[in-house]
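Look over the sequence and the model before reading on. The paragraphs below go through salt bridges, then the sheet and its helices.

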Amino acid sequence: MPSEIISTGAVPALPEGDEAELADQPAPEIECRLCTVPPALHSQRLDKVLAVLVPEFSRTYLQQLIADRAVRRLAGTAVKPAARLAAGEQLEIELRPTQQAMAFVAQPMALDIAHEDEHLLVIRKPAGLVVHPAAGHWSGTLLNGLLAHHAGAARLPRAGIVHRLDKDTSGLMLVGKTRQAVDALVRMIAAREVRRQYVAL
């Protein structure tokens, strides 16, 4: 039976605090990061490997790095987008930080947790809480709170968030705590095995 995510726009909005606008900060220097392909990613495509090794960057941004030949094997050879990598290979990634990546920081906040185990979090998101950092909301988001809630979130794409709710919508949100859980939830949502039910008041 499909699972249900019930959302409603009826909860009063939370007061907004002062946002830390990263746009006003000086641009950071380019970072060259050396990463090793783990056994679990053996024979995976380059884009999928990068999504795990540097989860603070979006897939679109990582694809641009590949196109710009900013991802190289340790020997200095640029890696082609369709290349499949072997466990133990070392990659040198020339990272040019974005506002989104700089917003990937832990900020403690009170999360209303409906369920938690070693694989999964179910969070009651209140109206007024932004899910992902974006222009105008570079801090105080659910993603920032998840990074503070458990250390493993920093190793997951979008800190384990697999779906969205608008800022002014309240409701339950599914969050993976492991890569396996994140991938399984994404597949279930894509296959429509998770049903979303909205209540408008």
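How many salt bridges does a search of the whole structure find? The search finds eight, where a salt bridge is a side-chain nitrogen of Lys or Arg within 4 Å of a carboxyl oxygen of Asp or Glu. The model is predicted, so local features need pLDDT of at least 70 and side-chain atom pairs count only at pLDDT 80 or more, while totals for chains, interfaces and linings use all residues. Residues are numbered from 1 along each chain as its sequence is written, and side-chain values use heavy atoms, with hydrogens and water left out.

The sheet comes next. It is open and has three strands in the order S2-S4-S3, with antiparallel pairing. Strands (E, at least two residues) and helices (H or I, at least four) are DSSP runs numbered from the N terminus, and two strands pair if DSSP finds at least two bridges between them. Strands S2 (31-36) and S3 (71-73) are at the edges with a single partner strand each, so one side of each has no neighbour in the sheet. From one strand to the next, the twist averages 25 degrees; axes are lines fitted to C-alpha atoms, for helices over the stretch in contact, and angles run from 0 to 180 degrees between N-to-C directions. S2 and S4 (residues 90-95) run antiparallel and are joined by six bridges. Thr36 has Gln90 in S4 as its bridge partner.

Two helices accompany these strands. Helix H1 (residues 46-53) lies across S2, S3 and S4, at about 70 degrees to S4. Helix H2 (residues 59-67) packs on the sheet and touches S3 and S4, its direction making about 105 degrees with that of S4. Contact here means heavy atoms within 4.5 Å.

Back to the salt bridges. Arg72 pairs with Glu94, with the closest N and O atoms 3.8 Å apart. This pair links distant parts of the chain, Arg72 in strand S3 and Glu94 in strand S4, 22 residues apart. Both Arg72 and Glu94 are buried, meaning under 20% relative accessible area, with exposed over 50% and partly exposed in between (1.4 Å probe, protein chains only). Arg72, Glu92 and Glu94 are linked in a network of salt bridges.

Asp47 forms a salt bridge with Arg45, the closest N and O atoms being 3.4 Å apart. Asp47 counts as buried because its relative accessibility is 19%, whereas Arg45, at 29%, counts as partly exposed.
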